[in-house]
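Have the sequence and the model side by side as you read.

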Amino acid sequence: MVYKFVSRATAEMIMLEADAQKILKIIGKDPSAVGIITVAQIPAAIKTLQAAVAAEDERNKQAAEPVDKDAEDEDGKDVKATVGLKQRAVPFIDMLQRSAAEGADVVWGQ
């Protein structure tokens, strides 16, 4: 299942269910099938997401050595780095910022 985020200020954004639910929970929204982030709520949502991204970055810095992008596991298979919150949140933060600048709410549905 996917979530579709829509704003008059930007193009639509499609996000997989798990990623969308994680972001919505971070900003304090119920990850229901439909919802809205009002213009008044956008600044707090941006700040909260930026803080969550910064916290994840800090945890990753303190974790074990980063995975080399060309690394292989013991069976010779490529090791892929995982996609973190930052890769999912940055485009959404941009959508929120552009929506706030134009005074547009962000709504979503599945």
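In strand β4, V107 is the bridge partner of V6. This is a predicted model, in which local features need pLDDT of at least 70, side-chain atom pairs count only at pLDDT 80 or more, and totals for chains, interfaces and linings use all residues. Residues are numbered from 1 along each chain as its sequence is written, and side-chain values use heavy atoms, with hydrogens and water left out.

Helices (H or I, at least four residues) and strands (E, at least two) are DSSP runs, numbered from the N terminus. Strand β1 covers residues 2-7. Two strands pair if DSSP finds at least two bridges between them. β1 and β4 (residues 106-109) run antiparallel and are joined by 4 bridges. β1 also pairs with strand β2 (residues 13-16) in the antiparallel sense, again over 4 bridges. There, Y3 stands opposite M15 of β2, and a hairpin of 5 residues connects β1 to β2.

The two faces of β1 can be told apart: Y3, F5 and S7 are on the covered face, while V2, K4 and V6 are on the uncovered one. Buried means under 20% relative accessible area, exposed over 50%, and partly exposed in between (1.4 Å probe, protein chains only). Y3 is buried, with a relative accessible area of 0%. F5 also counts as buried, at 0% relative accessibility.

Next come the rings. Rings of Phe, Tyr and Trp (its six-membered ring) pair if their centres lie within 6.5 Å; planes under 30 degrees apart count as stacked, over 60 as edge-to-face and the rest as tilted. By this rule there are 3 aromatic pairs. Y3 and F5 form a stacked one, 6.4 Å centre to centre with 20 degrees between the planes. The ring centres of F5 and F92 are 4.9 Å apart and their planes are at 65 degrees, so this pair is edge-to-face. Because F5 lies in β1 and F92 in helix α3 (residues 85-101), the pair ties together parts that are 87 residues apart in sequence. Ring pairs link Y3, F5, F92 and W108 into a cluster.

Which helix holds E56? E56 lies in helix α2 (residues 42-62). E56 is buried yet has no salt bridge, a term for a side-chain nitrogen of Lys or Arg within 4 Å of a carboxyl oxygen of Asp or Glu. The nearest side chain of opposite charge, K22, is 4.4 Å away. A polar atom of the E56 side chain lies 2.8 Å from the backbone nitrogen of L85.

Definitions and conventions:
Lys, Arg positive; Asp, Glu negative; His and termini not counted. Polar contact = N/O pair within 3.5 Å; in protein donor to acceptor, adjacent residues only side chain to side chain.
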